[in-house]
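Hi there,

Here is the structure I promised to pass on to you. Have a look at it first, and my notes follow below.

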Amino acid sequence: MDAVAFAASPNPSHGPFYSSALLSPRPRAVCFSVRDPWRRRLRSLPALRSQPPEPAPASSASHHDVVVVGAGIIGLSIARHLLLHTPLSVAVAEAAVPCTGATGAGQGYLWMSHRTPGSDTWELAVRSKQLWEELAAEVDSLGGGGARERLGWMKTGSLLVGRTSEEMATLEKRTKVLSQAGIHAEYLSSASLHALEPELYVGQDGGAMFLPEDCQIDAFQAVSMIEKTNGSYSSEGRYLELYNDPAVSLVRSETTGTVEAVQTSKHILYGRKAIVIASGAWTRTLLHSFLEPNTTLDIPVMPRKGHLLVLEKFDKLKLNHGLMELGYVGHQVAKSNSTPISSESSEDKHGALSISMTATINTKGNLILGSSREFKGFSREVDKSILKCIWDRAAEFFPTLKNVHLDINENTEIRIGHRPYMPDGKPVIGSVPDLPNVLLVTGHEGSGLALALGTAEMVTDMILGNPGKVDFSPFSIKGRFSG
């Protein structure tokens, strides 16, 4: 596409992409979401085994009810739920800072359009969306800009778009299934869709499924608000956060062998009731170093790299809703699902690339375009050919973009993150066999934000021994994995 300039970025920053809540102002131009500093430190540290680490100074040890490893949206939400709904104390240890992983590299969709009633994750998605809506209503009741300002909350509705008669048949079927499950869903012809989104082109055979109740949030604003909520409990001695302090090992009791603490690079954090490992795509690496060398447990969570292109204050395209092409659904639904799906492209675990159009405009007027999926390990390098594919794919749906000259070095932000992918398409939420006080929480892939509050509620119920509002069993480790 000759009208698009993908010039090299001079001396791109290799530091982490900081949340505005932690360092202001946020860097402009090209920004990266990385965890490299942690991985370099982790490789140089001894693997964790049952033997206790070298004693740390007494001043570095602290005692808590629950210790959470990982300060992405999942880990911070778990801490928040525990603080708000129990008398327990919580410590959070994070190798970098919040929003340097998958959390800070997403689009913020709280959508039901790409979910399937009756699937293992359906009830969790429904419950989590309900909790987000309750939180937004609570924030709105406080005034001062409300949920829009503090969460980046927008009730845009979602459009799942198709362009062929086959895709439209799938959308019609999905509309009926979602409607039967109690979701407000509408099937739109090409003409009806054009009335909602005049700049979107799908052809005469195309159309969409419209979910007017779907919403979106801004990850940085949401994390900032959750951090402030958690931090308000520090003065009571119930909350401690340790950033840039990677977990190194689990500390076991010399007498019973049970896990009693997490050793970080600077501290020993004792957890009386539970140790929660919520480290996203890095959980597998951590688990291997934490457990005995002859363990048969292997959680096959893998990093699935993605690029997003953010165009700041973009006024050359008007969008009224969040949009996603139907092909995206194929990457969100487990292969065993019986609901028909359509996919524009496929991928494997050897690096093959897939691109699906997603588009939204956030509360700041920034156009966010995606998305790519590929297995490239923990590489965080910007691939300009992928950015061009994202732009070209978007231009197929929005012809206006074909006439726009784009320089990625001017008023743009490139988000790169590693989604924690699970081969069976559902998260891992549960205790480690033979280590009942150690809980793993990972594998949400691109749904971390959407499922965060429901996951936090579930983990809290597990720690307290309460029956859950959502069935725990589909997410259990027991019997699901082997060596």
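A word on terms before the results: on a 1 Å grid over the protein atoms alone, a cavity is a set of points where a 1.4 Å probe fits but cannot get out, and lining residues have an atom within 4 Å of a point. Grid points are joined across faces, edges and corners, and a volume is the space filled by probe spheres set on the points.

This is a predicted model, in which local features need pLDDT of at least 70, side-chain atom pairs count only at pLDDT 80 or more, and totals for chains, interfaces and linings use all residues. Residues are numbered from 1 along each chain as its sequence is written, and side-chain values use heavy atoms, with hydrogens and water left out.

Confidence comes next. The mean pLDDT (the predictor's confidence in each residue, from 0 to 100) is 85 for the chain, and 82% of the residues score at least 70. Residues 1-59 have pLDDT below 50, with 135 contacts (heavy atoms within 4.5 Å) beyond near neighbours in sequence. Residues 331-348 also stay under 50, and the model has 47 contacts beyond four places in sequence for them. Where pLDDT is low, the predicted coordinates should not be read in detail.

Now the cavities. By class, the lining of the largest cavity has 19 nonpolar (Ala, Val, Leu, Ile, Met, Phe, Trp, Tyr, Cys and Pro), seven charged (Asp, Glu, Lys and Arg) and 23 polar residues (the others, Gly among them).

The second largest cavity has about 110 Å³. Of its 14 lining residues, Q107, I217, D218, A219 and I368 lie nearest the centre.

Helix α10 (448-464) also meets helix α3 (122-141): their axes (lines fitted to C-alpha atoms over the stretch in contact, with angles from 0 to 180 degrees between N-to-C directions) come within 7 Å and cross at roughly 95°. The two are therefore roughly perpendicular (65 to 115 degrees). Residues in this contact include W132 and L135 of α3 and L453 and M458 of α10.

Two backbone details to finish: a cis peptide bond joins G370 and S371, with omega about -10°, and S371 sits in strand β16. K313, which is not a glycine, has a positive phi near 50°.

Best wishes

Technical notes
Helix = DSSP H or I, 4+ residues; strand = E, 2+ residues; numbered from the N terminus. Parallel < 35°, antiparallel > 145°, perpendicular 65-115°, else oblique. 1 Å grid on protein atoms, 1.4 Å probe; cavity = no way out; pocket = protein on both sides within 12 Å on 5 of 7 lines; lining within 4 Å.
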